[in-house]
Amino acid sequence: MADPRGFLKTPRQGAKARPVEERLRDWNEVYPAPGIGHTLLPIIVEQAGRCMDCGIPFCHHGCPLGNLIPEWNDLVWRDDWKVAAERLHATNNFPEFTGRLCPAPCEAACVVAIADDAVTIKNVEVSIIDKAFDEGWVAPLPPERLTDRTVAVIGSGPAGLAVAQQLTRAGHTVAVYERADRAGGLLRYGIPEFKMEKRHLDRRLDQMRAEGTIFRTGVDVGAAITGKELRARYDAVVLAVGSTEGRDLPIPGRELDGIHQAMDYLPQANRSALGEAVPGQLTAEGKHVVIIGGGDTGADCLGTAHRQGAASVTQLEIMPEPPGTRHASTPWPTWPLMLRTSSAHEEGGERVYAVSTVEFTGQDGRVTALRLVDVERTASGFEPVPGTERDLPADLVLLAMGFVGPEKSPLIEQLGVELDGRGNIVRDESFESTVPGVFVAGDAGRGQSLIVWAIAEGRSVAAAVDRKLTGVDRLPSPVSPTDRALAV
């Protein structure tokens with residue numbers, strides 16, 4: 001273990017964000033450049049020392065990747081950072097992504113958290129990988145020999161990248177197809193720069209290219225190349241297309257201009273933040289912005305609108321306001337129901353809970369307001385509270401209410417894969433779809449989920465594909481298609 005008395009004598013100390021007035025003037029990461037790891041190493045060593053010698057490390061169960069958290073905490077405390085990076089990579093292809101973007105279910109399951117504040121697992125993780133890159137310890141790992149098998153991976157988000165890296169290292173020839181002009185999927189154009197600067201993505205892609213992974217960007221699979229052509233060209237096809245079909249709000253006034261899906265707004269903002277010209281860009285500058293949806297995507301819109309100079313930002317949530325501490329219905333070690341304040345919420349704006357939008361109103365074809373009503377949750381759903389209707393000014397409305405499955409693209413029809421009742425692609429216990437040789441990784445099969453689940457599924461799908469192609473078990477498989485988050 002790390003410091004035997006660390007959890008008794010050392011209080012939790014997390015990373016400190018840059019001052020709000022400073023970070024709102026740029027698009028850089030909220031935490032000080034050049035990264036959490038650089039600025040907090042002495043503190044990180046002490047924080048790693050809080051990891052206790054628990055009999056059963058429940059953090060392993062909280063994390064679908066099965067990260068070896070106590071091991072690399074101990075190694076950091078002993079100042080053996082290089083070996084810590086090796087143990088980190090043993091279960092996670094992209095700790096620089098999860099260390100910045102994952103909500104850390106491992107911390108919710110930390111044994112120290114039973115009676116105290118959890119170990120700062122995320123901060124330790126991202127510090128290890130940042131130091132590993134700085135020291136040159138992250139090198140390409142090309143295969144010793146190549147097989148004669150080929151695999152196409154459709155989609156370059158975290159699931160697709162994990163599949164590709166694992167299979168490339170196993171010796172297969174892997175081509176990743178991406179519809180956008182650059183690889184990364186939502187990591188590039190969905191996640192704002194202030195949450196993860198794209199230099200972290202680019203250096204990992206450089207490693208993958210050096211290992212032999214082929215990236216074919218700007219290719220709309222289903223049009224430029226058909227499903228039939230894919231199956232004829234490759235020995236296996238992996239669908240890692242995500243769950244990108246946004247939930248809509250079909251109420252009166254929905255046709256008015258100024259009402260957009262969050263994923264129409266965020267990619268444009270990301271491109272602009274990176275210096276690209278975006279003709280006709282949706283922008284929050286000078287506008288009263290209303291975000292419908294209280295999750296991570298809504299928070300991303302919130303932080304983006306602040307940086308664009310919105311006149312006001314209001315975020316609406318149909319659920320009641322969560323309690324300030326873990327609710328009794330979600331005891332340790334499950335993911336707790338409680339109020340969470342992201343860096344974007346710290347920057348301003350108003351959160352309104354237990355409300356429903358019943359109508360959009362406008363003038364000259366553009367939205368000018370939302371009509372809201374308070375709601376109460378009942379056994380049959382959400383019921384409006386009489387007499388609580390009111391209007392909320394809005395020049396720009398962003399719908400961030402989650403996603404309802406993969407886009408129903410021509411590729412899905414061409415391949416002939418079956419969809420379930422929720423619109424996700426059906427797969428068996430080996431992640432194979434109803435079409436032999438076509439596998440499904442990440443949100444396209446699981447539904448909208450966390451980045452750690454996407455990477456875990458990517459690793460598991462790679463193992464299933466490799467087993468199909470070679471007839472032997474060679475790669476780790478941390479999760480099954482039916483696994484779910486830790487629950488009681």
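Select helix 10 (residues 158-169) and helix 19 (residues 451-470): their axes come within 7 Å and cross at roughly 35°. Axes here are lines fitted to C-alpha atoms, for helices over the stretch in contact, and angles run from 0 to 180 degrees between N-to-C directions. Helices (H or I, at least four residues) and strands (E, at least two) are DSSP runs, numbered from the N terminus.

On helix 10 the contact includes Pro158, Ala162 and Leu167, and on helix 19 it includes Ile451, Gly458 and Val465. Contact means heavy atoms within 4.5 Å. The residues of this contact of helix 10 with helix 19 divide into 11 nonpolar, two polar and two charged. In this count Ala, Val, Leu, Ile, Met, Phe, Trp, Tyr, Cys and Pro are nonpolar, Asp, Glu, Lys and Arg are charged, and the others, Gly among them, are polar.

The model is predicted: local features need pLDDT of at least 70, side-chain atom pairs count only at pLDDT 80 or more, and totals for chains, interfaces and linings use all residues. Residues are numbered from 1 along each chain as its sequence is written, and side-chain values use heavy atoms, with hydrogens and water left out.

**Stop two: salt bridges**

How many salt bridges does the structure hold? There are 35 salt bridges, each a side-chain nitrogen of Lys or Arg within 4 Å of a carboxyl oxygen of Asp or Glu.

Select arginine 87 and glutamate 71, whose side chains form a salt bridge at 2.9 Å, N to O. Arginine 87 belongs to helix 6 (residues 81-89) and glutamate 71 to helix 5 (residues 69-77), so the pair ties together parts 16 residues apart in sequence. Arginine 87 is partly exposed, at a relative accessible area of 28%, and glutamate 71 is also partly exposed, at 37%. Buried means under 20% relative accessible area, exposed over 50%, and partly exposed in between (1.4 Å probe, protein chains only).

Next select arginine 307 and glutamate 347, which meet in a salt bridge at 2.8 Å, N to O. Arginine 307 is in helix 15 (residues 296-308) and glutamate 347 is in the loop between helix 16 (343-346) and strand 8 (350-353), so this pair ties together parts 40 residues apart in sequence. Are these two partners buried or exposed? Arginine 307 is buried, with a relative accessible area of 10%, and glutamate 347 is buried at 9%.

**Stop three: alanine 2**

Go to alanine 2, in the segment before helix 1 (6-9). Alanine 2 is buried, at 3% relative accessibility. Its C-alpha atom is separated by 7.1 Å from that of alanine 48, 46 residues apart along the chain. Leaving out residues up to four places away in sequence, alanine 2 touches Ala48, Gly49, Cys51, Asn73, Asp74 and Trp77.

**Last stop: the whole chain**

Zoom out. The protein chain has 19 helices and 14 strands. Buried residues make up 52% of its 488 residues. Along its principal axes the C-alpha trace spans about 65 × 60 × 45 Å.
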